[in-house]
Amino acid sequence: FFFSSRRRHTRYPLVTGVQTCALPIYSGSITAAPSQNVSLTATAGAIRSQNYADAGNFGMVYGNVLTLTARNASTINTSVTTLVANITGSGQDLTIYEEEGNYVDPKTGLLVPVNGLTIGTGNVVANGGDISIFLLNDPANGVLGGNLTGAGRISTTGDVNLVTPNGSITLNSVSGQVSGSLLNVAARNSSFINTNVSDLAANIVSGTLTVVEQTSLNIAAANVVASGDISLNLVSGNLAGPGNIVSSGGNVVLNAASGNISLNDNASQVRGNLLTVRAQNSSSVNTSVNSLTANVTSGNLTVVETSGLSIDANSVNAAGAVDINLTAGNLSGPGNIVAGTNITLNASAGNVTFTNRAGQVQAGGTLDLTAKNASAVNTNVATLVANVTTGGLTVVETNGLAIGTDVVANGDIAITLTA
C-alpha cells in the first residue's frame with residue numbers, strides 16, 4: 001500500500017492488506033465504507049503512517065473495525081470506530097493517532113461522523129513494547145476528540161499512554177482491563193479504568209477518576225490529578241509512591257483493604273476535601289485535606305496534615321495506634337477517634353477539641369495530646385499525657401484514668417471522671 005498524494009484513496013467495502021515486510025501508508029489514505037472493516041497485516045515488519053504532525057499531510061486509515069497485526073513498532077493515523085491490534089515483536093511499540101470528526105463515504109460521497117474509539121474484544125496487545133492511543137482534538141480544523149471505551153483489553157508489559165483531551169476513558173468491563181508497567185492517563189471528562197499496572201499517572205481536567213487495580217500500585221512522580229473525586233481501589237497489595245494525589249474540587253478515597261498505604265514522601269502528598277483511608281496494615285499519609293475518615297483493620301495509622309483537620313462523622317479507627325500531627329491549625333470534628341493501643345493528637349500550632357459526645361477519643365492505652373491553645377477532649381482511655389503550651393485543658397473521661405509522665409497546661413486543668 002503505497003500512496004503518492006492524500007487525495008488518492010483505496011476505496012472498497014472491505015480492505016485487507018498483507019505484507020511480509022513493512023507496510024507504509026504515506027500521504028494517501030485507506031478508506032472503507034462506514035460499516036465495513038480494514039485489516040492490515042505485516043507479519044515480519046511494521047505498519048506506519050506518515051507523521052501526523054507533518055504539515056497536515058499524512059496517511060490515514062478510515063473505516064469501522066481496524067485490525068492490525070505487525071511484528072515491529074507501528075504508528076498508524078486512524079479514523080475508525082473500533083481497534084484491534086497485535087504487535088508480536090518483543091519490545092516493539094504501538095502508537096495510534098485517532099482523528100475524531102468526519103470522513104467521506106467512498107460510495108455515497110456523504111460525510112461519515114467518527115466520534116470516539118472502542119477497544120474491540122480482540123484486544124490491543126504488544127509484546128513488551130509501549131502502547132499509546134491518542135484521540136486527537138483540533139476544533140479549528142473540525143477534529144473533536146471523543147471517548148475511549150470498549151470491552152477489549154489493552155495489554156503489554158511496557159507502558160500504556162491513553163489520551164482523550166476532549167472526552168473520557170471508560171475501560172471497566174473486566175478486571176485488569178488495562179495492563180502494563182506505567183499507565184499514563186489524560187482525559188477531559190470523568191474516567192473509570194480497571195487496571196493491572198505497576199505505576200499510575202493521571203490528569204482529569206474536568207471530572208472524576210476511578211481506578212480499580214488488581215495488585216499493588218505506585219503513584220508516579222508525574223502525579224494523579226483530577227478536578228473532581230479521586231477513588232483508587234486495590235484488590236490486593238499496597239498503595240505507595242513518590243507522586244501526589246490531588247483533587248482540586250472533590251474527595252479522595254484510598255482503598256488498600258488487603259495491604260497498606262504509604263504516601264509520606266513529601267508534605268501534602270494527598271490533597272482534597274474529604275480523605276477516606278481504608279487499609280489492612282499499618283499506613284502513613286501526608287495530607288492537605290479538610291476532613292478525614294479512616295479504617296485500618298490490623299495496624300497503625302499515621303497522618304501528617306499541613307493545616308486544620310476535621311474528623312468526619314464516619315470516624316477514624318485503627319486496630320493499633322493512631323497518630324495525627326498537624327503542622328498548623330486546629331484538630332476537631334464530629335467523628336470519633338478509636339485506637340486499639342495508643343492515640344497521639346498533635347496540634348502544636350492550634351487546639352484540639354472533641355466534645356461532641358462521651359468517649360469521643362477512645363484508646364486501649366495512652367492518649368498523648370499536644371496543643372498550643374486551650375483544648376477540650378471527651379475520652380475513654382487508660383492513660384493521659386498532655387502538654388498545652390498557651391492555654392488550659394479540659395478532659396471528661398468515662399472511666400478511671402491514669403496520669404502518665406505529665407499533664408501540663410499554661411492555664412486551668414480540669415479532669416472529670418464520670419465513672
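Is Asn233 buried or exposed? Asn233 is buried, at a relative accessible area of 18%. The legends below refer to a predicted model.

**Figure 1. Overall view of the protein, a predicted model with 42 strands and 0 helices.** The chain has 419 residues, and 51% of them count as buried. Its accessible surface comes to about 15700 Å². Carbon and sulfur atoms hold 47% of that surface. Among contacts in the protein with a separation of 6 or more, 26% link residues 24 or more positions apart.

Figure 2. Asn233 counts as buried because its relative accessible area, 18%, is under the 20% cut-off. Its side chain makes a polar contact of 2.9 Å with the side chain of Ser231.

**Figure 3. Contacts of Asn233 beyond its neighbours within four places in sequence.** Thr210, Val211, Val212 and Glu213 are in contact with Asn233. Val253 and Asn255 are also in contact with Asn233.

**Figure 4. A nonpolar patch on the surface, formed by Ile403, Ile413, Ile415 and Leu417.** Together these residues have about 320 Å² of accessible area. Strand β42, residues 413-417, gives the most to the patch, with 3 residues.

Figure 5. Ile415 is one of the residues of the nonpolar patch. Its relative accessible area is 35%. Ile415 is therefore partly exposed, since this value lies between the 20% and 50% cut-offs.

Notes
Residues are numbered from 1 along each chain as its sequence is written. This is a predicted model: local features need pLDDT of at least 70, side-chain atom pairs count only at pLDDT 80 or more; totals for chains, interfaces and linings use all residues. Side-chain values use heavy atoms; hydrogens and water are left out. Helices (H or I, at least four residues) and strands (E, at least two) are DSSP runs, numbered from the N terminus. Buried means under 20% relative accessible area, exposed over 50%, partly exposed in between (1.4 Å probe, protein chains only). Contact means heavy atoms within 4.5 Å. Accessible areas come from the Shrake-Rupley method with a 1.4 Å probe; for residues, only the protein chains shown count as cover. A polar contact is a pair of N or O atoms within 3.5 Å; within protein, one must be able to donate a hydrogen and the other to accept it, and residues adjacent in sequence count only if both atoms are side-chain atoms. Patches are made of residues with over 30% relative accessible area and no salt bridge: like charges are joined within 9 Å, nonpolar side chains (Val, Leu, Ile, Met, Phe, Trp, Tyr) within 5 Å. A salt bridge is a side-chain nitrogen of Lys or Arg within 4 Å of a carboxyl oxygen of Asp or Glu.
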